[in-house]
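Open the model in your viewer with the sequence panel alongside. The stops below say what to select next and what to look for there.

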Amino acid sequence: MLEQLQGVNIYLIGMMGSGKTTIGQLLAKQLGYRFVDTDDLITKATHQSISDIFATEGEEAFREIESQVLSQLCAYQKFVIATGGGIILKKMNWSYLRHGIIIWLNVPIEELYNRLKEDTTRPLLQHPNPLKQLQTLLEQRNLLYAQADLEIRVNSGDYPEQVTAKILEKVPSILKSKSNINLEAFN
């Protein structure tokens with residue numbers, strides 16, 4: 001599979017709390033790739049937490065920084081990249097994501113809520129009804145997430161290692177379909 005990948009980056013998308021960072025680290029290790037989390041890069045580059053950026057500059061400013069980070073990352077190879085949950089909202093970001101393989105970690109809303117209910121660092125969940133807010137966000141984003149090359153359904157009892165194994169099992173089928181599309185363009 002590594003030969004088929006040819007160093008192409010893997011972008012993990014999905015809602016906050018879907019496990020992109022944890023699974024991304026495991027996947028990178030399995031593939032011999034480097035791992036990066038866009039949110040971590042943003043906090044290092046701006047010397048501010050994501051919450052602080054949202055509070056002082058707003059979500060739109062955060063999304064601009066996020067796009068800049070993503071545009072720079074797509075110039076590299078052999079990376080597994082955990083993206084912010086809303087990275088798919090900007091149409092321009094899709095042109096960057098399409099430089100690699102896009103994998104959607106699709107986690108049931110109840111599981112997301114269980115993972116996030118004690119987390120006070122998520123600006124978009126600072127809401128009187130965080131579960132309803134999660135549902136609203138997911139409804140707004142589902143069709144965008146569904147544009148991924150591969151959807152991995154994550155069940156509440158799945159361990160990160162199991163999810164990583166599912167990804168590794170299914171990626172070769174994506175590589176075949178992508179190479180067929182490329183060949184058809186030349187015919």
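Which residues does Leu2 touch, not counting residues up to four places away in sequence? Select Leu2, and then Leu31 and Tyr33, the residues in contact with Leu2 under that rule (contact means heavy atoms within 4.5 Å).

Before going further, note that this is a predicted model, in which local features need pLDDT of at least 70, side-chain atom pairs count only at pLDDT 80 or more, and totals for chains, interfaces and linings use all residues. Residues are numbered from 1 along each chain as its sequence is written, and side-chain values use heavy atoms, with hydrogens and water left out.

**Stop 1: the start of the chain**

Leu2 belongs to helix α1; helices (H or I, at least four residues) and strands (E, at least two) are DSSP runs, numbered from the N terminus. With a relative accessible area of 49%, Leu2 is partly exposed (buried means under 20% relative accessible area, exposed over 50%, partly exposed in between, with a 1.4 Å probe and protein chains only). Draw a C-alpha to C-alpha distance from Leu2 to Gly14: the two are twelve residues apart in sequence and 24 Å apart in space.

Next select Gln6, in the loop between α1 (2–5) and β1 (10–13). Gln6 is not a glycine, yet its phi is positive, about 50°. Most residues other than glycine have a negative phi. Gln6 is exposed, at a relative accessible area of 62%.

**Stop 2: the sheet**

Show the strands. Five of them form an open sheet with parallel pairing, in the order β2-β3-β1-β4-β5 (two strands pair if DSSP finds at least two bridges between them). The edges are β2 (34–37) and β5, each with a single partner strand, so one side of each has no neighbour in the sheet. Neighbouring strands are turned by 20° against each other on average, direction ignored; axes here are lines fitted to C-alpha atoms, for helices over the stretch in contact, and angles run from 0 to 180 degrees between N-to-C directions.

Now select β4, residues 101–106. Six of its six residues are buried, so the strand is largely enclosed by the rest of the structure. In a regular strand the side chains alternate between the two faces of the sheet. On one side of β4 are Ile101, Ile103 and Leu105, and on the other Ile102, Trp104 and Asn106, all buried. Four bridges pair β4 with β1 in the parallel sense, and Leu12 is opposite Ile103. Strand β5 (residues 150–153) also pairs with β4 in the parallel sense over four bridges; there, Arg153 is the bridge partner of Asn106.

Move to β2, which runs parallel to β3 and is joined to it by four bridges. Asp37 stands opposite Ala82 in β3. Asp37 also caps the N-terminal end of helix α3 (residues 38–46), with a side-chain oxygen 2.8 Å from the backbone nitrogen of Asp39. After α3 comes His47, with a positive phi near 60°.

**Stop 3: charged pairs**

How many salt bridges does a search of the whole structure find? The search finds eight, where a salt bridge is a side-chain nitrogen of Lys or Arg within 4 Å of a carboxyl oxygen of Asp or Glu. One of them joins Glu60 and Lys90 at 3.9 Å, N to O. This pair links distant parts of the chain, with Glu60 in helix α5 and Lys90 in the loop between β3 and α6 (91–97), 30 residues apart. Glu60 is exposed at 53%, whereas Lys90 is buried at 16%.

Return to Arg153, whose side chain meets that of Glu151 in a salt bridge of 3.3 Å, N to O. Then select Lys166 and Asp158, a salt bridge of 3.2 Å, N to O. Glu59, Arg63 and Glu66 are linked in a network of salt bridges.

**Stop 4: Arg141**

Finish at Arg141, in helix α8 (residues 130–145). Arg141 is buried and has no salt bridge; Glu59, the nearest side chain of opposite charge, is 4.8 Å away (Lys and Arg count as positive and Asp and Glu as negative; His and the chain ends are not counted). The Arg141 side chain reaches the backbone oxygen of Gly85 at 3.3 Å. Among the residues that Arg141 touches, not counting those up to four places away in sequence, are Met15, Arg63 and Leu124.

Note on methods. A polar contact is a pair of N or O atoms within 3.5 Å; within protein, one must be able to donate a hydrogen and the other to accept it, and residues adjacent in sequence count only if both atoms are side-chain atoms.
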